[in-house]
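This report walks through selected sites in one chain. The sequence and the structure come next.

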Amino acid sequence: MPITPATAATSASNGTSPAILLELVDEEGNTVGTAEKLAAHQPPGQLHRAFSVFLFDEQGRLLLQRRALGKYHSPGVWSNSCCGHPYPGEAPFAAAARRAYEELGVSPSLLAEAGTVRYNHPDPESGLVEQEFNHLFVGMVQSPLRPDPEEIGETAFVTPDELAELHGSAPFSAWFMTVLDAARPAVRELTGPAGGW
């Protein structure tokens, strides 16, 4: 990971991987401190800032990703286009754009804020807890994807009907429907009434 002002404070000097710090927030989304990433997800979970991105192609289909099997949290499940956590002091919009490029290998041609949602979702498989104040973003992708195999096992562009079919037959992340439902007004504005979202 390149050393930037946002990550320099968390870099280890002993040759081990740097600790990843998350921003802890209160119920209104105000920053109240930091915590190491894994510690923030240990039960009962610490409320922290996160983001979720929903990218669409020109036909109004939603880009889904199946999380890589090597992920420590929710491996192998389908989820939204991209999600993650801003570094302490990093704007959620900047973090969303950064992670879209890091995970998917593309820069969205359009990215817009779509509100926030607060949730508490335990993950029964890993035992970890998603206690998040989540900033939502919707956008368009028009370039070929170049997914990072360390992050993403598979991608798919789906219509609402195809999503319903996949959701009924494959595992999804614990947070997926919560963030999608919260983003739906912005999704409908982006894709238009004919999109069916």
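Where does UniProt place the feature "binding site"? The unreviewed entry puts that feature at E103. The model discussed here is predicted.

**The annotated residue and its helix**

E103 belongs to helix 3, which covers residues 92-104. With a relative accessible area of 4%, E103 is buried. Leaving out residues up to four places away in sequence, E103 touches Q65, S81, C82, C83, R146, P147, D148, E151 and I152.

Helix 3 has 13 residues, and at 1.5 Å a residue it should span 18 Å. Its end C-alpha atoms are 17 Å apart, so the model agrees with that expectation. The buried residues of helix 3 are P92, A95, A96, R98, R99, A100, E103 and L104. Their packing partners are strand 3, strand 4, strand 6, strand 7, strand 8 and strand 9. After helix 3 comes G105, with a positive phi near 75°.

G84 sits in strand 6, a run of residues 82-84. Its relative accessibility is 15%; the cut-off for buried is under 20%, so G84 counts as buried. Beyond four places in sequence, G84 touches A50 and F51.

S52 lies in strand 3, residues 48-56. S52 is buried, at 0% relative accessible area. Setting aside neighbours within four places in sequence, S52 is in contact with N80, C82, C83, N134, H135, L136, F137 and V179. C82 and C83 are also among the residues that E103 touches.

Strand 8 spans residues 129-140 and holds E130. Is E130 buried or exposed? At 4% relative accessibility, E130 counts as buried. Its contacts beyond four places in sequence are H41, H48, H73, Y119, N120, H121 and W175. One of these, H41, makes a side-chain to side-chain polar contact with E130 at 3.3 Å. G45 is 85 residues from E130 along the chain, yet their C-alpha atoms are separated by 6.6 Å.

**Aromatic pairs**

How many aromatic pairs are there? The count comes to three. Two of them are set out here.

| Pair | Centre to centre | Angle between planes | Geometry |
|---|---|---|---|
| F56 and W197 | 5.7 Å | 75° | edge-to-face |
| F93 and F137 | 5.8 Å | 70° | edge-to-face |

The pair of F56 and W197 links distant parts of the chain, 141 residues apart. F56 is in strand 3, while W197 is in the segment after helix 5. Both partners are buried: F56 has a relative accessible area of 0%, and W197 has 5%.

F93 is partly exposed, at 38% relative accessible area, whereas F137 is buried, at 2%. F137 is also one of the contacts of S52.

**Nonpolar cores**

The largest nonpolar core has 24 residues. Which members touch the most other members? They are F54, L62, L64, L163, F172, F176 and V179. Strand 3, strand 4, strand 7, strand 8, helix 4 and helix 5 each supply at least two residues of this core. Helix 5 gives the largest share, six residues.

L62 shows how such a member is surrounded. Leaving aside neighbours within four places in sequence, L62 is in contact with F54, L55, F56, S81, A156, F157, V158, L163, F176 and W197. Both F56 and W197, partners in an edge-to-face aromatic pair, are thus on the contact list of L62.

A second, separate core has 13 residues, including V53, L55, L63 and A96. L55 is in contact with L62. A96 is one of the buried residues of helix 3, the helix that carries E103.

Methods
Residues are numbered from 1 along each chain as its sequence is written. This is a predicted model: local features need pLDDT of at least 70, side-chain atom pairs count only at pLDDT 80 or more; totals for chains, interfaces and linings use all residues. Side-chain values use heavy atoms; hydrogens and water are left out. Helices (H or I, at least four residues) and strands (E, at least two) are DSSP runs, numbered from the N terminus. Buried means under 20% relative accessible area, exposed over 50%, partly exposed in between (1.4 Å probe, protein chains only). Contact means heavy atoms within 4.5 Å. A polar contact is a pair of N or O atoms within 3.5 Å; within protein, one must be able to donate a hydrogen and the other to accept it, and residues adjacent in sequence count only if both atoms are side-chain atoms. Rings of Phe, Tyr and Trp (its six-membered ring) pair if their centres lie within 6.5 Å; planes under 30 degrees apart count as stacked, over 60 as edge-to-face and the rest as tilted. A nonpolar core is a set of buried Ala, Val, Leu, Ile, Met, Phe, Trp, Tyr and Cys residues joined through side-chain atoms within 4.5 Å. UniProt positions are given in the numbering used here, feature names are shortened, and annotations may be inferred rather than shown by experiment. The expected span of a helix is 1.5 Å times one less than its number of residues.
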